[in-house]
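Subject: Structure handover and notes

Hello,

Here is the structure you will be taking over. My notes on it follow below.

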Amino acid sequence: MRLFLRARATSRSPLQRDCSGNRLVAAVLALLLIILLSSCSHLSKKDGAPNYNVDVRGIPNAVPQTEPLAKYGNYKSYVVFGKRYYTLKNSRNYNQVGTASWYGTKFHARKTSSGERYNMLGMTAAHKTLPLPTYVEVTNLKNNRKIIVKVNDRGPFKSNRLIDLSYVAAKKLDMLGKGTAQVRVKAISPYANFARHSAPFEKTYPRFHPTYANTKPVFLQVGAFRNKNHAMKLQRRLKILSSTPVIIMSPSRKGSLYKVKIGPFRDVASLAKITHQLKGLGLTPNKTYGA
């Protein structure tokens with residue numbers, strides 16, 4: 001009797017098998033449709049501003065300094081959308097007028113052409129032909145606002161665009177509303193300017209920065225939490241600001257807090273830059289010595 005019941009339970013008619021097969025096919029097709037729709041949604045994701053306010057008054061201009069050419073993004077020529085672009089050998093005397101655009105959340109934290117991570121809260125830009133990196137002064141010709149950004153990416157690849165600015169850079173020029181602006185882009189050469197205007201250049205764009213050599217490691221403490229998950233959440237948020245490590249110090253004794261710190265910093269300029277960025281996000285960091 002047990003064998004008979006087992007046989008009845010495991011044997012199905014051709015009609016039942018067909019229905020079961022149809023359900024399986026339908027389930028697979030539904031799954032493929034979901035994957036396709038999610039992929040299309042990802043591809044059609046629009047660029048834009050972050051969903052929180054950024055006070056750009058606390059974010060300083062990029063500081064021009066002498067740097068070697070980036071390992072990536074400096075090909076003699078490259079092709080995008082069927083058009084070949086030729087990279088300039090240097091940025092000496094570069095001074096052009098054209099249309100600026102900007103890019104934000106869609107590319108945030110992705111690698112730029114130079115290999116650096118794009119940070120929409122940093123003072124950076126993309127250009128089709130300038131060497132990477134190049135520091136440039138960008139002037140909005142409508143309101144005469146000026147900024148200094150570091151070119152570390154390639155683009156924009158629309159024929160009528162000259163430069164693509166980070167979200168924060170565009171906001172400082174007051175061009176977010178329209179999305180584009182007529183600008184003048186002038187390259188800043190630390191070598192040339194320093195040779196001809198030593199004192200003014202040092203005052204405006206310091207070539208060398210004091211370091212923290214031979215002192216205790218310098219950190220910025222950004223928060224302290226009883227709940228480790230809250231500390232980890234802040235850590236993830238801060239990692240997009242720069243390549244400087246963000247660490248969590250575990251409680252040294254019962255009742256103490258999980259402390260979120262950025263550092264160690266190698267020079268005063270880096271410390272000041274991150275401090276301004278943090279204040280722009282509504283955070284108040286405290287300088288500490290030693291981890």
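In these notes, buried means under 20% relative accessible area, exposed means over 50%, and partly exposed is anything in between (1.4 Å probe, protein chains only). The model is predicted, so local features need pLDDT of at least 70 and side-chain atom pairs count only at pLDDT 80 or more, while totals for chains, interfaces and linings use all residues. Residues are numbered from 1 along each chain as its sequence is written, and side-chain values use heavy atoms, with hydrogens and water left out.

Backbone

Most residues other than glycine have a negative phi, and most peptide bonds are trans. The following residues and bonds are listed with that in mind.

Ala109 is not a glycine, yet its phi is positive at about 75 degrees. Ala109 sits in the loop between strand S3 (95–103) and strand S4 (124–127); helices (H or I, at least four residues) and strands (E, at least two) are DSSP runs, numbered from the N terminus. With a relative accessible area of 34%, Ala109 is partly exposed.

Phe81, also not a glycine, has a positive phi of about 55 degrees. Its place is the loop between strand S1 (77–80) and S2. Phe81 is exposed, and its relative accessible area is 77%.

- Gly155 to Pro156 is cis, with omega about -10 degrees. Pro156 lies in the loop between strand S6 (146–153) and strand S7 (161–166).
- Gly263 to Pro264 is cis, with omega near 5 degrees. Pro264 belongs to strand S11 (residues 258–265).

Arg84

Arg84 is in strand S2 (residues 83–86) and is partly exposed, at 41% relative accessible area. Leaving aside residues up to four places away in sequence, Arg84 touches Ser77, Tyr78 and Val79, where contact means heavy atoms within 4.5 Å. The side chains of Arg84 and Ser77 are joined by a polar contact of 2.7 Å. A polar contact is a pair of N or O atoms within 3.5 Å; within protein, one must be able to donate a hydrogen and the other to accept it, and residues adjacent in sequence count only if both atoms are side-chain atoms.

Leu220

Is Leu220 buried or exposed? Leu220 is buried, with a relative accessible area of 3%, and its place is in strand S9 (residues 218–225). Beyond residues up to four places away in sequence, Leu220 touches several others, including Val260, Ile262, Phe265, Leu271, Ile274 and Leu278. Thr275 is also among the residues that Leu220 touches; the two are 55 residues apart along the chain, and their C-alpha atoms are separated by 8.0 Å.

Regards
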